[in-house]
Amino acid sequence: MSNSNYAGIPDEYAGIDNASIVLIPVPYDGTSTWQKGADKGPEAFLDASANMELYDIETDTEVYHHGVFLADAVTENSSPEAMVDAVHATTKKYIKKNKFVTLFGGEHSISIGSIRAFNDMYENLSVLQIDAHADLRKEYDGSTCNHACAVYEASQKTNLVQVGIRSMDSIEVGINDDDKIFFAHEMVQDDYWQEKATEALTENVFITIDLDAFDPSICPSTGTPEPGGLFWYETLDFLKMVFAEKNVVGFDIVELCPNPSEKSSDFLAAKLYYKMLSYKFKDIALEGEDGYEADNAFTKAGLKKMKNIED
């Protein structure tokens, strides 16, 4: 990747030793079946981030002061399976360093590797998928590591909660529990869908966001835009609730398919990422501030509730 530091932050906040947060870019687009270009998503996201104000008005914070280390991109693309293995290994490596690990894709197949790593490391994991598509096929186009299979493994091995779904194949019906799928056409009729979705989650939560979850009127630059999606403030309201009530252990954002003549989607992705970090760290004191205790700063962030494993 051409960007040296995430969002152009000063070097003192960008090194691995001082950073609480790790960002792993995964510029992969090996299995998408319609519009190509998600492999360009991380670079467009980083370019937009470098042009973003770093003070968050809502939380009255500058979360980058907690440190954001921009890891080397995962560039393995010899096969979908090899890519997933590489994402899994890289993600797990940084979780073991006691970092808050985030990823930016790339198409949604990268999440198979990230979810697998978090499930290795955290007990009783929930996966919160915010997406237009169910992505519950066991296999597609000759691979179980296809973007159409992004959360099948999660449905079998974690507590999967799906929000915003409005497109699926008949073979995907019944794979996930009906009470853990929040369909877009039902959400517009239900004033309490946010509370219900949050209650369906266990304590430890990994969030995967496909940008096609958003309505294409506010985020058109994605591989398969679907009408009838989520809007900005309702999405933020939901995320705030999840971060406040659950222990979010990490997240990924995928499926930005940048269009040179339409930059608003890039900026939406950049703001969404920074907002999510702001919600996670807003109540965690920085070194030198009142209330900071070095021994439990990471525990407050929920980064020490991992399985005790050595592999």
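Keep in mind that the model is predicted. Its largest nonpolar core holds 97 residues, and helix α8 (residues 264-281) gives the most to that core. Two helix pairs get a closer look below: α7 with α8, and α2 with α3.

**The nonpolar core**

- As a bit of background, nonpolar side chains in soluble globular proteins tend to be buried together.
- Here the largest nonpolar core has 97 residues, and the ones touching the most other members are Y6, F45, L128, I130, I207, L272 and Y273.
- Helix α8, spanning residues 264-281, puts 10 residues into this core, the most of any contributor.
- Take I130 as an example: leaving aside residues up to four places away in sequence, it touches V163, I207, T208, I209, D210, A213, L230, F238 and L239.

**W193, a buried tryptophan**

- W193 sits in helix α6, which covers residues 193-199.
- Its relative accessibility is 6%, and since anything under 20% counts as buried, W193 does too.
- Skipping residues up to four places away in sequence, the neighbours W193 touches are V163, F182, M187, L230, E234 and F238.

**Helices α7 and α8**

- A packed helix pair is described by two numbers, the angle between the axes and the distance between them.
- For α7 (residues 232-245) and α8, the angle is about 25° and the axes are 10 Å apart.
- Angles under 35 degrees count as roughly parallel, so α7 is roughly parallel to α8.
- The α7/α8 crossing is right-handed.
- On the α7 side, the contact uses W232, L236, L239, K240 and F243, while α8 brings L268, K271, L272, K275, M276, Y279 and K280.
- Sorted by class, the α7 contact with α8 has 8 nonpolar and 4 charged residues, with no polar ones.

**Helices α2 and α3**

- Helix α2 (residues 80-96) packs on α3 at about 40°, and the axes are 7 Å apart.
- That angle makes α2 and α3 oblique to each other.
- The α2/α3 crossing is right-handed.
- M83, V84, D85, V87, H88, T91, K92, I95 and K96 are the α2 residues in the contact, and they meet I110, I112, G113, S114, R116, A117, F118, D120 and M121 of α3.

**Backbone spots to check**

- Most residues other than glycine have a negative phi, and most peptide bonds are trans.
- The G105 to G106 peptide bond is cis, with omega near 20°.
- G106 falls in the loop that runs between β3 (100-105) and α3 (110-121).
- D135 isn't a glycine, yet its phi is positive, at about 55°.
- You'll find D135 in the loop between β4 (125-130) and α4 (152-157), and D135 is buried at 8% relative accessible area.
- E255, also not a glycine, has a positive phi near 75°.
- The loop between β8 (247-254) and α8 is where E255 lies, and E255 is buried, with a relative accessible area of 9%.

Terms used: Residues are numbered from 1 along each chain as its sequence is written. This is a predicted model: local features need pLDDT of at least 70, side-chain atom pairs count only at pLDDT 80 or more; totals for chains, interfaces and linings use all residues. Side-chain values use heavy atoms; hydrogens and water are left out. A nonpolar core is a set of buried Ala, Val, Leu, Ile, Met, Phe, Trp, Tyr and Cys residues joined through side-chain atoms within 4.5 Å. Buried means under 20% relative accessible area, exposed over 50%, partly exposed in between (1.4 Å probe, protein chains only). Helices (H or I, at least four residues) and strands (E, at least two) are DSSP runs, numbered from the N terminus. Contact means heavy atoms within 4.5 Å. Axes are lines fitted to C-alpha atoms, for helices over the stretch in contact, and angles run from 0 to 180 degrees between N-to-C directions. Angles under 35 degrees count as roughly parallel, over 145 as roughly antiparallel, 65 to 115 as roughly perpendicular and the rest as oblique. A crossing is left-handed if the near helix is turned anticlockwise from the far one by less than a right angle, and right-handed if clockwise. Ala, Val, Leu, Ile, Met, Phe, Trp, Tyr, Cys and Pro count as nonpolar, Asp, Glu, Lys and Arg as charged, and the others, Gly among them, as polar.
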